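Please look over the sequence and the model below before reading on. The paragraphs that follow go from the whole chain to single residues.

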Amino acid sequence: MSWADSSPGMKAGKTPVNGHDPEEESSRYPLPREKRKKVVVVGLGMVGIAFIEKLIKMDAKRREYDVVVVGEEPHLAYNRVGLTSFFQHRKVENLYLNQKDW
């Protein structure tokens, strides 16, 4: 079962608004932490960041998902395309895609 199939409001035939059916009862949301589903993202490259940002945007009101990121990099997500310029300024923080507290 895919993420889109398991999420209310994402079923075939419905037109979701921000990822959810506007007719659904909203008093149940946001979900308490213990009832949320976990989404595991392997790697925090540009694709991983884009996926997480979209998921957070679509899930902003309902809070159905908690995101867990798994990876070997010791640094926050960074712009790999900018590695060449890294050698000019030598500060890895200048390559980060998001703030540290994100």
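Accessible areas come from the Shrake-Rupley method with a 1.4 Å probe, and for residues only the protein chains shown count as cover. By that method the chain exposes about 7600 Å², of which carbon and sulfur atoms supply 56%. The model is a predicted one, in which local features need pLDDT of at least 70 and side-chain atom pairs count only at pLDDT 80 or more, while totals for chains, interfaces and linings use all residues. Residues are numbered from 1 along each chain as its sequence is written, and side-chain values use heavy atoms, with hydrogens and water left out.

Three helices and two strands make up the secondary structure of the chain; helices (H or I, at least four residues) and strands (E, at least two) are DSSP runs, numbered from the N terminus. Along the sequence their pattern is α-β-α-β-α. Of the 102 residues in the chain, 29% are buried, where buried means under 20% relative accessible area, exposed over 50%, and partly exposed in between (1.4 Å probe, protein chains only). A contact is a pair with heavy atoms within 4.5 Å. Among contacts between residues at least 6 apart in sequence, 58% join residues at least 24 apart.

What makes up the largest nonpolar core? A nonpolar core is a set of buried Ala, Val, Leu, Ile, Met, Phe, Trp, Tyr and Cys residues joined through side-chain atoms within 4.5 Å. The largest has five residues, namely V39, V41, I52, L55 and Y65. Both β1 (37-42) and α2 supply at least two residues of this core. L55 belongs to helix α2 and is buried, with a relative accessible area of 3%. From L55 to V67 is 12 residues in sequence and 9.0 Å in space, C-alpha to C-alpha.

α2 (46-58) and β2 (65-70) each supply at least two lining residues, and α2 gives the most, with three.

Helix α2 also contains G48, which counts as buried at 11% relative accessibility. Not counting residues up to four places away in sequence, G48 touches V41 and G43. The C-alpha atoms of G48 and A77 are separated by 8.9 Å, although these residues are 29 apart along the chain.

The loop between α2 and β2 holds A60, which is exposed, with a relative accessible area of 52%. The C-alpha atoms of A60 and P30, 30 residues apart along the chain, are separated by 8.5 Å. R63 lies in the loop between α2 and β2 and is partly exposed, at 30% relative accessible area. Most residues other than glycine have a negative phi. Phi of R63 is near 50 degrees, a positive value in a residue other than glycine.
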